[in-house]
2 protein chains.
Amino acid sequence: MELQEKIDEALGEILRGCEEVVDKKKLEALVQNYFENNETYTVKAGFDPTAPDLHLGHTVLLQKLATFQKFGGVIKFLIGDFTAMIGDPTGKSETRKALTREEVLVNSKSYEEQVFKILDSQKMDIVFNSAWLDKLGADGLIVLTRFFNVARMLERDDFEKRYKSGQSISISEFIYPLLQGYDSVALKNDIEIGGTDQKFNLLMGRHLQRSYNTNKEQAVIMMPLLVGLDGVNKMSKSLGNYIGINEEPNTIYAKVLSISDELSWRYYELLSEKTLKEIAMLKVDVTKGTLHPKVAKENLALEIVTRFHNEELAKLAKSEFDNVFKANQLPTDMPEFTLCSGIWIAQALVDIGLEPSTSQARRDIKQGAIKIDQVKLSDEKYLLKSGEYVLQVGKRKFAKVKVES
Amino acid sequence: MELQEKIDEALGEILRGCEEVVDKKKLEALVQNYFENNETYTVKAGFDPTAPDLHLGHTVLLQKLATFQKFGGVIKFLIGDFTAMIGDPTGKSETRKALTREEVLVNSKSYEEQVFKILDSQKMDIVFNSAWLDKLGADGLIVLTRFFNVARMLERDDFEKRYKSGQSISISEFIYPLLQGYDSVALKNDIEIGGTDQKFNLLMGRHLQRSYNTNKEQAVIMMPLLVGLDGVNKMSKSLGNYIGINEEPNTIYAKVLSISDELSWRYYELLSEKTLKEIAMLKVDVTKGTLHPKVAKENLALEIVTRFHNEELAKLAKSEFDNVFKANQLPTDMPEFTLCSGIWIAQALVDIGLEPSTSQARRDIKQGAIKIDQVKLSDEKYLLKSGEYVLQVGKRKFAKVKVES
């Protein structure tokens with residue numbers, strides 16, 4: 001392959017799925033310089049040091065960093081420990097308790113365990129912004145605050161809304177974007193990646209690099225937020241529409257299979273390590289009818305389970321899934337509970353966690369979604385007698401119960 | 001005198017001339033506690049470390065501090081050196097060049113020389129806020145900025161005007177009032193004094209003492225701005241309506257005599273060390289006609305010259321003034337100039353600095369305010385011939401000129 005062709009392909013992979021790029025010329029020049037002169041460049045991404053528990057939404061960014069690692073990028077994996085170690089003395093925010101240095105290090109180890117499943121540890125530095133912000137001093141911070149004005153800060157979407165609606169904005173909140181931008185100054189950073197919701201803060205890095213007369217001015221790449229399993233909202237723990245990277249192989253596999261065919265192509269774009277060419281070929285096969293869309297989704301699920309566990313477990317997850325959902329057989333492994341004879345079926349389903357409430361259980365019975373030993377139950381008032389049974393809710397929730405007299 | 005009577009008199013002197021007091025109860029309690037238990041309290045006033053060159057307007061505050069010293073107040077004469085030592089790296093402000101520690105110390109010495117003419121050096125500490133702000137660190141500063149919100153800061157008059165009119169406000173400008181308030185926290189301060197224009201910043205001290213859960217909450221006293229010699233505008237160097245405390249005895253004396261009788265009572269209230277009772281008696285005498293208002297003004301001028309020079313020089317200044325302005329004699333000491341023959345009188349008056357412009361000189365000639373050798377001049381076009389003359393403008397401006405052929 002010609003050099004220019006390689007460069008174009010690299011840029012294609014780097015720009016794949018990006019929502020917005022600022023200073024694309026700079027980005028192109030850095031990649032070209034890597035291919036021509038083997039000179040690397042830095043790519044910064046910032047992470048919150050509180051309790052890292054990643055889901056696929058977070059890995060969109062990590063996958064992009066992994067792509068950069070292939071094409072000359074040295075990752076500055078920045079853990080924003082500085083402000084996390086200050087805490088909130090006003091006691092307004094429960095979530096802003098000060099972290100100790102030890103807690104930060106523990107969380108950082110946890111990050112490493114998770115992100116090294118995606119990133120090449122040889123091509124990255126894990127850096128803590130306390131390294132330079134501790135030294136900044138009150139005087140250095142004042143100098144920093146001179147480089148930005150109040151009106152422009154209030155133009156940030158969330159600030160503007162809160163200011164106009166009379167909600168309080170602490171002055172410290174004006175400081176945080178400046179500190180995040182200063183991180184880029186301290187790192188002499190070349191490219192920063194973040195979510196589209198971070199645009200204001202990402203551009204702050206550029207602005208401050210200019211203000212401090214560094215001769216760097218970082219390019220900025222913004223990744224979209226990953227849509228969750230529901231196909232509508234962004235993936236998040238609190239909405240329950242997520243795939244955690246530490247979840248069991250079976251769970252991850254089944255969750256990927258549950259997304260719509262359409263969404264699966266978006267997941268391919270943002271999460272798969274297949275090249276754009278390979279993905280394009282898959283799509284062609286699906287369109288021609290030589291590949292079933294479900295098979296494409298199975299391949300994606302296998303890839304993702306393999307990434308966070310391994311290939312063997314991924315294959316096991318697939319065969320387990322096929323057993324349960326395709327053949328409608330019972331799973332090989334089910335949680336087991338012991339109950340007392342005479343218990344109302346709706347209460348039993350709530351007690352063992354298959355239903356959120358007895359009223360929901362009753363609705364499900366009416367709709368024929370509850371089975372006892374694979375036989376549909378129709379009596380809402382059914383009481384369990386002593387014996388052993390398999391209880392089932394819908395297609396995926398199972399439990400073995402032992403009812404004692 | 002009964003104790004309560006003494007306390008009331010002290011409070012009367014302390015509150016004399018004040019524009020506004022916040023937490024008067026606290027103030028009263030501190031003074032009472034001093035009289036009853038001989039316990040002192042701290043009184044903070046902040047000063048700018050750049051080039052101290054004081055005029056009477058500044059001494060309104062200093063006189064009030066001197067009053068406090070009489071009644072149990074220990075003055076914290078605070079020199080705000082911290083921010084002055086940072087400077088302005090954006091280069092926007094000419095006046096915000098960073099001061100070195102040496103320059104700050106030189107300026108502080110200059111302050112001492114000037115303020116010890118008014119204050120008792122035994123009952124005061126000169127403190128520099130770098131002592132605690134240097135140690136604050138970026139983390140401490142962030143904690144500080146959490147205690148105030150953007151909307152309330154934008155309520156400060158000048159910020160509000162600038163924000164609404166689209167003028168830039170740097171975020172650092174939001175930090176300065178917080179630092180000034182934090183000084184009160186660090187000093188565990190009891191009372192702060194400042195000008196009425198400083199109200200926002202003075203109250204910040206109270207707010208922050210509360211926020212940091214100190215068990216102090218300073219009372220605040222606001223002094224009015226002194227009206228200058230013109231009787232209209234506040235005294236200021238740039239308006240030229242000032243009396244500098246380092247000016248010559250004759251100058252200070254003559255300037256005090258130039259103010260209106262009415263204004264002289266305001267000066268008595270804000271600047272004199274005479275008690276309220278003594279001043280009330282003077283007023284009675286003037287009203288009864290037993291004291292000429294000019295004599296009351298002379299006494300004020302003598303007091304002020306004595307304060308900044310000494311009694312002997314004050315008396316000399318008085319007799320000199322009497323000679324010139326009462327007997328209409330020539331002053332013993334006049335500036336001397338050499339001019340060329342044939343010069344137009346109006347031009348000559350401008351050249352030697354007695355008139356601001358030739359048009360003003362011509363108006364003064366028309367009004368009979370110009371004398372040559374004590375004889376009124378009526379010819380606007382008069383040209384000076386060779387010889388020696390005394391030129392006079394109005395009652396007070398004189399010069400000797402030697403006109404050479």
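Start with helix H9 of chain B, residues 171–187, in this predicted model.

Six strands of chain B make an open sheet with mixed pairing. Trace the order E1-E6-E5-E2-E3-E4. Which strands stand at the edges? Strand E1 (20–22) and strand E4 (124–128) of chain B do; each has a single partner strand, so one side of each is left without a neighbour in the sheet. From one strand to the next, the twist averages 20°.

Zoom in on E5 (residues 191–195) and E6 (residues 219–223) of chain B. This pair is parallel, over five bridges. Select Ile193(B): opposite this residue stands Ile221(B) in E6(B).

Now go to the side chains. Nonpolar side chains tend to be buried together in soluble globular proteins. The largest nonpolar core here has 66 residues. Select the ones with the most contacts inside this core: Tyr41(B), Leu56(B), Phe68(B), Phe77(B) and Tyr267(B). Why does the core lie between two domains? Domain 1 (3–223) and domain 2 (249–326) of chain B both give residues to the core, so the core lies between them.

Stay on Tyr267(B) and display its contacts. Leaving out residues up to four places away in sequence, Tyr267(B) touches Leu56(B), Leu226(B), Val227(B), Gly228(B), Leu229(B), Met235(B), Ile259(B), Ser272(B) and Leu300(B).

Last stop: a second, separate core of 65 residues. Select Ala45(A), Ile191(A), Ile221(A) and Ala254(A), which are among its members.

Definitions and conventions: Residues are numbered from 1 along each chain as its sequence is written. Chains are lettered from A and ligands numbered from 1 in the order in which they are written. This is a predicted model: local features need pLDDT of at least 70, side-chain atom pairs count only at pLDDT 80 or more; totals for chains, interfaces and linings use all residues. Side-chain values use heavy atoms; hydrogens and water are left out. A nonpolar core is a set of buried Ala, Val, Leu, Ile, Met, Phe, Trp, Tyr and Cys residues joined through side-chain atoms within 4.5 Å. Buried means under 20% relative accessible area, exposed over 50%, partly exposed in between (1.4 Å probe, protein chains only). Domain bounds come from an automatic or database domain assignment. Contact means heavy atoms within 4.5 Å. Two strands pair if DSSP finds at least two bridges between them. Helices (H or I, at least four residues) and strands (E, at least two) are DSSP runs, numbered from the N terminus. Axes are lines fitted to C-alpha atoms, for helices over the stretch in contact, and angles run from 0 to 180 degrees between N-to-C directions.
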